[in-house]
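Thanks for making time this morning. I would like to walk through one model, first the chain as a whole and then a single side chain.

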Amino acid sequence: MSDWHPSHASRWFAALCAERLRRTPVAVRLLDRPVVLARTGDGQAFALEDRCPHRHAPLSAGCATGDGLVCPYHGWRFDRDGRLCEIPGLSPDAALPSVRVRRIAVREHDGLIWLRLDGRDEGELAPLVREFGPGSRRFLWQTRWPAHVVDAVENFLDPLHTHWIHPGLVRRGGARSEVLARFAPNADGFEVSYRGQAQQSGLLYRLFESPRDSERARFDAPGSAQIEYRYRNGGTVRISLHFSPESAASTAVFASLHVENRWAPAWLVRRLVWPLLKRVNDQDARMLGLQSANLRRFPGVRGASTELDLVRPWVEAFWNDGAAPPAAPREVRMRL
């Protein structure tokens with residue numbers, strides 16, 4: 001039995017970069033549920049529970065047929081909706097048993113494949129996912145963080161760890177300045193706007209940025225987060241991460257960078273910016289791994305928090321209770 005709140009099964013989560021799904025089935029895991037992804041002959045993605053109902057072999061080890069999957073064990077064939085279509089060796093006069101594989105709802109959007117575990121193709125993807133202009137994406141990448149989804153989301157949206165985990169790269173510890181952070185809940189999640197730091201002290205800013213007009217962090221439930229920088233010269237940069245829990249100790253992370261009104265061709269971003277962002281990712285993943293391992297040594301403990309921990313209460317309550325918690329806008333002064 002899964003420990004996740006049952007309401008999360010009716011939400012959309014990123015599951016795979018679309019370019020990784022070709023002719024061979026791909027196994028993914030979402031909310032502790034094994035899922036197999038495949039494409040039909042005309043390129044449409046579909047998803048089923050990764051288990052043959054006969055002897056429970058993983059369908060992801062089988063092969064795609066053009067309209068479904070074949071189990072690698074006895075060759076049972078299922079269509080894209082999970083209906084059993086053929087049992088090799090069964091007499092033509094015999095009826096097929098009334099079994100099927102559970103179907104998972106699938107959508108493909110902006111280079112990502114999204115899943116909804118309850119199988120219902122309903123509802124919209126988060127606004128943060130739908131609002132990007134065509135052609136603004138500079139890269140898309142997927143990785144895995146060894147952490148619970150709450151810890152992973154908090155890490156991305158928390159600016160105060162950057163002096164320690166990414167010293168000199170994102171911020172320098174000795175170059176703090178006072179910033180006013182405003183937390184504001186909304187219908188889809190929340191946003192945190194930061195005022196008072198038009199320039200940042202780290203290498204990434206000095207190499208690739210210019211004075212900012214605004215900075216804000218956004219979160220759209222269930223797992224989409226974004227840091228947005230708007231510049232005085234009219235440009236906008238958005239770093240978005242979509243978090244999809246594989247298990248309580250592992251979270252799939254899908255990262256994209258969108259740029260608007262600013263000269264930044266994709267090849268240049270990948271050659272110059274990406275190696276530094278990858279280093280930031282590796283530093284965060286390492287710390288989250290240490291945190292996760294230590295939490296296993298101290299099961300059940302709760303962390304102490306201060307007013308600086310702006311996003312943790314909302315994210316933790318949402319994932320534990322399955323709904324947005326009551327929250328009011330508030331402002332906090334911090335030194336970043």
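The chain has six helices and 18 strands, where helices (H or I, at least four residues) and strands (E, at least two) are DSSP runs numbered from the N terminus. Please keep in mind that this is a predicted model, in which local features need pLDDT of at least 70 and side-chain atom pairs count only at pLDDT 80 or more, while totals for chains, interfaces and linings use all residues. Residues are numbered from 1 along each chain as its sequence is written, and side-chain values use heavy atoms, with hydrogens and water left out.

As for overall dimensions, the C-alpha trace spans about 80 × 45 × 35 Å along its principal axes. Of the 336 residues, 50% are buried, meaning under 20% relative accessible area with a 1.4 Å probe and protein chains only. Among contacts (heavy atoms within 4.5 Å) between residues at least 6 apart in sequence, 59% join residues at least 24 apart.

Now to the side chain I mentioned: is R218 buried or exposed? R218, which sits in strand 14 (residues 212-220), is buried, with a relative accessible area of 10%. Its side chain is joined to that of E131 by a polar contact of 2.5 Å, the term denoting a pair of N or O atoms within 3.5 Å, where within protein one must be able to donate a hydrogen and the other to accept it, and residues adjacent in sequence count only if both atoms are side-chain atoms. Leaving aside residues up to four places away in sequence, R218 touches L128, E131, L157, F190, E191, S224, A225 and Q226.
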